[in-house]
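Hi,

Here is the structure I promised to pass on. Have a look at it first, and then read my notes below.

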Amino acid sequence: MNFPKLLLALALLSSSTIFAQKGIIKGRVYDEINNEPLPFANVIIEGTTIGTTTDIDGKYSLEVKPGLYNVTASFVGYVNKTEYEVQVSPSRPYLIDFALSEGSQTLATVEVSAQDRITRKQESPVSVSTLGINEIQRNPGGNQDISLVIQSLPGVASTPNFRNDIIIRGGAPNENSFFLDGIEIPSINHFATQGSSGGPVGLINVNFIREVDLYTSAFPVEKANALSSVLDIKLKDGRSDKIGGIFQVGASEVGLTMEGPINEKTTFLASARRSYLQFLFSVLELPFLPTYNDFQFKIKHKFDTKNQLTLIGIGAIDQFKLNLDANETEAQQFQLAVLPVNEQWNYSIGAKYTRFGENSYTNFILSRFMLNNSAFKFEDNDEENGRQLLDYLSQEIENKLRIENFYRKDGWRITSGGGFEQIKYITSEFDLRVAPGGAARNYETDLTLYQYFAFGNINRSFLDEKVNVNIGLRLEGNSFNANTANPLNQLSPKIAVTYNISSDLSFNANYSIYNQLPPFTSLGFRDTTGALVNADLTYVNTQHIVAGFAYYLPFNAKISVEGFYKIYDNYPFLTERGVTLANLGSDFGVIGNEPATSTSSGRAYGLEFLYQQKLFDGWFGTLAYTLVKSEFEDQNANLVPSSWDNQHIITLTGGKKFGKNWEAGVQYQFLGGAPYTPTDIANSSLVQVYNVNRRGLPDWNRLNSVRFDNFNRLNVRVDKKWFFENWALNLYFDVQNLLGQSVDGEPLLSLNRDAQGNPIILNPMDPAELQRYDTKLLENGNGTRIPSLGIIVQF
């Protein structure tokens, strides 16, 4: 049966049953601080007459037709909260627990203002955006990957080469931190770049996600170790009624998610996914064959209403092999000569115990992260007779404890806590490719560090909620050296103010300082004698100055305009290359493992505009524009454009919910051309240099002096859902890069060859150290449209 006939058959099958079926929305409404139920709270379906009140235990249940809804909970004396785009299916109940925060609402002021319709973070009044699960799952071109989806938000740039690097307001990809249910997760990508955070594919299963907050400034004091952003991902709980799941086949992977009750007090979520890219790449005769697997779980146990325990785990196994049979074209031969064989695995596991008091709750969070990264390369890929060019094995281990208390009383909101971490970095590296003349980098390191921190934050509204003031402080230290060990050297103050000009318009401002430890690859780097080369490195420091306006519209929309200025100090400067680490991180492999000093400075500044439309009359979408200038010092201490200086970033994402459970979405992205450093042909073409590197080396004397062309990308997606009594089906068709615009990469330095296929040497009579190959530059662009058909079965 072909695809059109299959759609027709499914439509006929479902038409006789869907209109008679109902779905359930249920959950609990409670106080976010003490976890006490809020009886007789109102829960309504926006745009309908459907609603109910909670019972004495704060529980509620609503019966509605299958579809997409906004659900709002309200209670006198508390701030209203809306859950947007709730997808209701008769195959399973949709669970929404509303944690309401105290406010000044009384019976006389029960009317909902426009600001109440979109949740605001009082401790972070600027530079925060929130995405719900449906916005993530049906994002065009997002491939259900959170790192791709957040590229629709203001200040977020992408790399056109289809990687997941998160570039925030002109900052490098290693300046971000990630949290799952409050537990820090250092790695969220497959084939991650060690020393940075990006990769080609995300490893977080979006079927676990309930909501995502992206902070691009004014970070919560309890969540740090970041210079540009904090990505706070909140996971849903497993269903408590019965076992269910989701089977999914997407563009590059197949996966299964299961959830359900373990007993009356315990629920679980668990998933496993495996890619099939290696088969597709083999058919397409690509010279590399990637395979990735990931696993994730969440277990939540409620001892009683005042005590609960959450366990989470996430891990990945990634393998990158070479397809030696795909060696006919020059591009294939170039990639085979350069790419190493790589294997990587990592896991994060954590436990969060929450104790609720009368006016506060406390989290005790214990977690462990481990990364194992190995790579090797032989000349001509001959493991038996070829010269070994690379042998790399590295492990990173982080054991963390964090205690945080959130106190609320009489309008005061106080956060306090601290923590301790043990860090272990073990590496063995032999690399013949890093220096002209073939001088090898050859060292072993075993570094153990201890990190400690404390934080506090006070928030209060004044003048009848007209003004809100937030003051926070974080300090941290690390045993790496005497400078880093003194926490007074790493003070991170935060001051944020909101002035509500009207019920729908506010002015917001923030000044804050953040400190981040350099990557372990830099801290643990040693010379051949075993001595630490970078023993004087210290924390990277940045100052954030942000101010702007936010206007809330009555149809679930928000308009915001913000200006930002970031000042960087103490960035690691890589002395052998003469470039700051801030310019690296968007390529595969390892960065930071070389001599460095904490002497580089930079800045990033600009303006952002955002229009965000939550679901209203079937429409949803965002329009984001960012004007950004990003500069860092070169080897002469002059400010030059950084690798992330896109200047103009425009993203338009929108869609419409149609009848009979059809949805259509479109995303347009414009990226100004990013700078790059041209190839040093004179040095790279030397025979002894090219033989070990097999590629062009950057000319750091011309740092970021050339720009790629501007890039336009159009992604489209169409979804169709069918709902049955015990299961639901979602088919979607997604096309990335519909315009087929070429994705520019740096030109590839290849060799001209004679009739026998041997590389031509220009001056064979010269001394060996002066001989050069006859070289040429190959275009490095790919304008492929990427269509995909996905199947999601929910049961």
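Lys-236 counts as partly exposed, because its relative accessibility is 23% (buried means under 20% relative accessible area, exposed over 50%, partly exposed in between, with a 1.4 Å probe and protein chains only). Its side chain meets that of Glu-259 in a salt bridge, 3.8 Å from N to O. By salt bridge I mean a side-chain nitrogen of Lys or Arg within 4 Å of a carboxyl oxygen of Asp or Glu. Lys-236 sits in the loop between β16 (229-235) and β17 (244-249) and Glu-259 in strand β18 (residues 253-263), so the pair ties together parts 23 residues apart in sequence. Helices (H or I, at least four residues) and strands (E, at least two) are DSSP runs, numbered from the N terminus. Glu-259 is at 3% relative accessibility, so it counts as buried.

Before you go further: this is a predicted model, where local features need pLDDT of at least 70 and side-chain atom pairs count only at pLDDT 80 or more, while totals for chains, interfaces and linings use all residues. Residues are numbered from 1 along each chain as its sequence is written, and side-chain values use heavy atoms, leaving out hydrogens and water.

Back to the charges. The structure holds 42 salt bridges. Another one joins Glu-135 to Lys-614, with the closest N and O atoms 2.9 Å apart. That pair links distant parts of the chain, as Glu-135 is in helix α3 (residues 133-137) and Lys-614 in strand β33 (residues 596-616), 479 residues apart. Glu-135 counts as buried because its relative accessibility is 9%, and Lys-614 is buried too, at 6%.

There's also a network of salt bridges linking Lys-121, Asp-213, Glu-222, Lys-223, Asp-232 and Lys-234. Within it, Asp-232 and Lys-223 meet at 4.0 Å, N to O, and both are buried.

Now the greasy part. Which residues touch the most other members of the largest nonpolar core? They are Leu-523 and Tyr-571, out of 50 residues. A nonpolar core is a set of buried Ala, Val, Leu, Ile, Met, Phe, Trp, Tyr and Cys residues joined through side-chain atoms within 4.5 Å. Elements giving two or more residues to this core include β24 (388-409), α8 (520-523) and β31 (557-574). The largest share, four residues, comes from β31.

Leaving aside neighbours within four places in sequence, Leu-523 is in contact (heavy atoms within 4.5 Å) with residues including Leu-447, Phe-480 and Leu-537. Apart from this core lies another, of 49 residues, among them Tyr-69 and Ile-188.

Cheers
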